[in-house]
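Please walk through this fold with the sequence and the model side by side.

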Amino acid sequence: MTTLDPASTTAILIDARTAEEYATGHLAGSRLLDFTAGEFPIAIPHLDPQAEILLYCRSGNRSGQARELLLAAGFANVTNLGSLAEAAAATGLPIIE
């Protein structure tokens with residue numbers, strides 16, 4: 001994947017971790033949707049099914065589950081970037097606190 005500029009990309013970058021994890025560091029431009037707290041299924045109807053969606057979490061597990069939910073809901077362009085560090089490396093985006 002190439003470096004993303006959150007100001008100019010149409011991709012939606014989603015952090016599937018908890019608010020506490022997000023507060024310790026997250027990718028610039030990411031949106032928090034706590035998978036464990038059930039925020040993900042509630043948010044699906046409000047996401048653009050035509051958009052590119054990039055997901056990450058602590059290990060890639062929750063973001064993988066979130067990806068499956070999105071695919072089941074008809075989203076086609078969904079990528080699990082794995083962990084925060086893997087997502088930062090894949091996108092070139094900085095981790096901010």
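**The sheet and what packs on it**

Helices (H or I, at least four residues) and strands (E, at least two) are DSSP runs numbered from the N terminus, and two strands pair if DSSP finds at least two bridges between them. The model is predicted, and local features need pLDDT of at least 70, side-chain atom pairs count only at pLDDT 80 or more, while totals for chains, interfaces and linings use all residues. Residues are numbered from 1 along each chain as its sequence is written, and side-chain values use heavy atoms, with hydrogens and water left out.

Strand 1 (residues 12-15) pairs with strand 3 in the parallel sense over 2 bridges. Here Ile14 has Arg31 in strand 3 as its bridge partner.

Strand 4 (residues 53-57) and strand 5 (residues 78-83) are also parallel, and pair over 4 bridges. Within this pairing, Leu54 stands opposite Thr79 in strand 5. From strand 4 the chain passes through helix 3 to strand 5, a β-α-β crossover that is right-handed; that is, with the strands pointing away from the viewer, the path from the first strand over the helix to the second runs clockwise.

Ala72 belongs to helix 3 (residues 61-72). Is Ala72 buried or exposed? Ala72 counts as exposed because its relative accessibility is 73%, the cut-offs being under 20% for buried, over 50% for exposed and partly exposed in between (1.4 Å probe, protein chains only). Ala72 lies 50 residues from Tyr22 in sequence and 26 Å from it in space, C-alpha to C-alpha.

Rings of Phe, Tyr and Trp (its six-membered ring) pair if their centres lie within 6.5 Å, with planes under 30 degrees apart stacked, over 60 edge-to-face and the rest tilted. The count by this rule is 1 aromatic pair. Phe35 and Phe40 form a tilted pair, 6.2 Å centre to centre with 55° between the planes. Phe35 is buried because its relative accessible area is 17%, and Phe40 counts as buried at 0%.
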